[in-house]
Amino acid sequence: MDRPSVLLDESHCDECACGNGLDFSFSFAFQPIVDATNKTVFAYEALVRGTEGQGAMTVLDKVNSQNQYAFDQICRVKAVKLASRLDMKAMLSINFMPNAVYQAEYCIRTTLAAAKTYDFDTRKIIFEVVEGEEMTSVDHLTSIIEAYKSMGFSTAIDDFGAGYSRYNLMISSPPDLLKLDMGLVRNIHAEPNKQAVVSGIITMMRQLGGRIVAEGVETPEEYFWFRSQGIALYQGYLFAKPGFECLPEPVFPD
């Protein structure tokens, strides 16, 4: 089924985008994903916010089946534009809604046009899917990930271990990055059973040729446990909170 293209006109991208099916506006905060090996920023995740920094749910509560395609497309444009405006040197991680992507090759055209318009290298884009989103078809998600990989984008699954762990996806088309759900991260240094589960996931991802991101790290103890397992990539308040329309500089534990 054909969908309307999302224009790159300023009135569509920066205001309410009514012409593209939205009657609300939004912006982004950015949170760094750090590489602890060399103490640098590997990527920034774009996190949706209200126009004055209100929490994500003030925006996401307005997304429904009728406007999710427009929202997904405009998210990509706005994230790329803001990253370019902030002169982002690291990778840019953009969350996408699989149910809004009916054909990856068609739906990516807006992203490519935005990258060209705002002079942002598409090789620096990570497409991240929230693992907990209910999918009508895992085959559909697999086709999206494979298409994005073939176009040179990196891919990530967020919140892995939150209850929707799709091991069939890991078998058919493993992502470049697997972001552990913070429920697995919290107090892991003190919970042997959790350590056993996470160690298995780490081994799996290494054998599949991908990388683990420990997400939601808040304490030095959590961080040092993952460091002992050879994990390099982290995201969480221990390093930096999300910064509204800015790129926070992370701090690293001693």
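The views below show a predicted model, in which local features need pLDDT of at least 70 and side-chain atom pairs count only at pLDDT 80 or more, while totals for chains, interfaces and linings use all residues. Residues are numbered from 1 along each chain as its sequence is written, and side-chain values use heavy atoms, with hydrogens and water left out.

**Figure 1. Overview of the protein chain.**
The protein chain holds 10 helices and 9 strands; these are DSSP runs, numbered from the N terminus, with helices being H or I of at least four residues and strands E of at least two. Of its 254 residues, 51% count as buried. Contact means heavy atoms within 4.5 Å. Among contacts in the protein chain with a separation of 6 or more, 68% come from residues 24 or more positions apart.

**Figure 2. Helix 3 and its burial.**
Helix 3 (residues 68-85) is mostly covered, with 15 of its 18 residues buried. From its first C-alpha to its last, helix 3 reaches 25 Å, close to the 26 Å expected at 1.5 Å a residue. That expected span is 1.5 Å times one less than the number of residues. Asp 87, with a positive phi near 55°, follows helix 3.

**Figure 3. Packing of helix 3 against helix 5.**
Two packed helices are described by the angle between their axes and the distance between the axes. Here helix 3 and helix 5 (residues 109-117) pack at an angle of about 15°, and their axes are 9 Å apart. Axes are lines fitted to C-alpha atoms, for helices over the stretch in contact, and angles run from 0 to 180 degrees between N-to-C directions. Helix 3 and helix 5 are therefore roughly parallel to each other, a description that applies to angles under 35 degrees, as against over 145 for roughly antiparallel, 65 to 115 for roughly perpendicular and the rest for oblique. Their crossing is right-handed, the case in which the near helix is turned clockwise from the far one by less than a right angle. On the helix 3 side, Gln 73, Arg 76, Val 77 and Val 80 meet Thr 110, Thr 111, Ala 114 and Ala 115 of helix 5. The residues of this contact divide into 4 nonpolar, 3 polar and 1 charged, where Ala, Val, Leu, Ile, Met, Phe, Trp, Tyr, Cys and Pro count as nonpolar, Asp, Glu, Lys and Arg as charged, and the others, Gly among them, as polar.

**Figure 4. Helix 9 and the elements that cover it.**
Helix 9 (residues 192-207) has 16 residues and spans 23 Å between its first and last C-alpha, close to the 22 Å expected. Its buried residues are Lys 194, Gln 195, Val 198, Ile 201, Ile 202, Met 204 and Met 205. The cover over these residues includes strand 5 (154-160), helix 7 (167-172), strand 6 (177-180), helix 8 (182-185), strand 7 (211-215) and helix 10 (220-228). Gly 209 follows helix 9 and has a positive phi, near 85°.

Gly 216 lies in the loop between strand 7 and helix 10 and counts as buried at 8% relative accessibility. Its C-alpha is 7.7 Å from that of Arg 186, although the two are 30 residues apart in sequence. Leaving out residues up to four places away in sequence, Gly 216 touches Met 182, Val 185, Arg 186, Glu 222, Gln 235 and Gly 236. Glu 222 belongs to helix 10 and is buried at 0% relative accessibility. Beyond its neighbours within four places in sequence, Glu 222 has contacts that include Arg 186, Asn 187, His 189 and Gly 216.

Most residues other than glycine have a negative phi. Asn 187, in the loop between helix 8 and helix 9, has a positive phi of about 60° and is partly exposed at 35% relative accessibility. Lys 39 is located in the loop between strand 1 (27-35) and strand 2. The phi of Lys 39 is likewise positive, near 55°, and Lys 39 counts as exposed at 51% relative accessibility.

Conventions. Buried means under 20% relative accessible area, exposed over 50%, partly exposed in between (1.4 Å probe, protein chains only).
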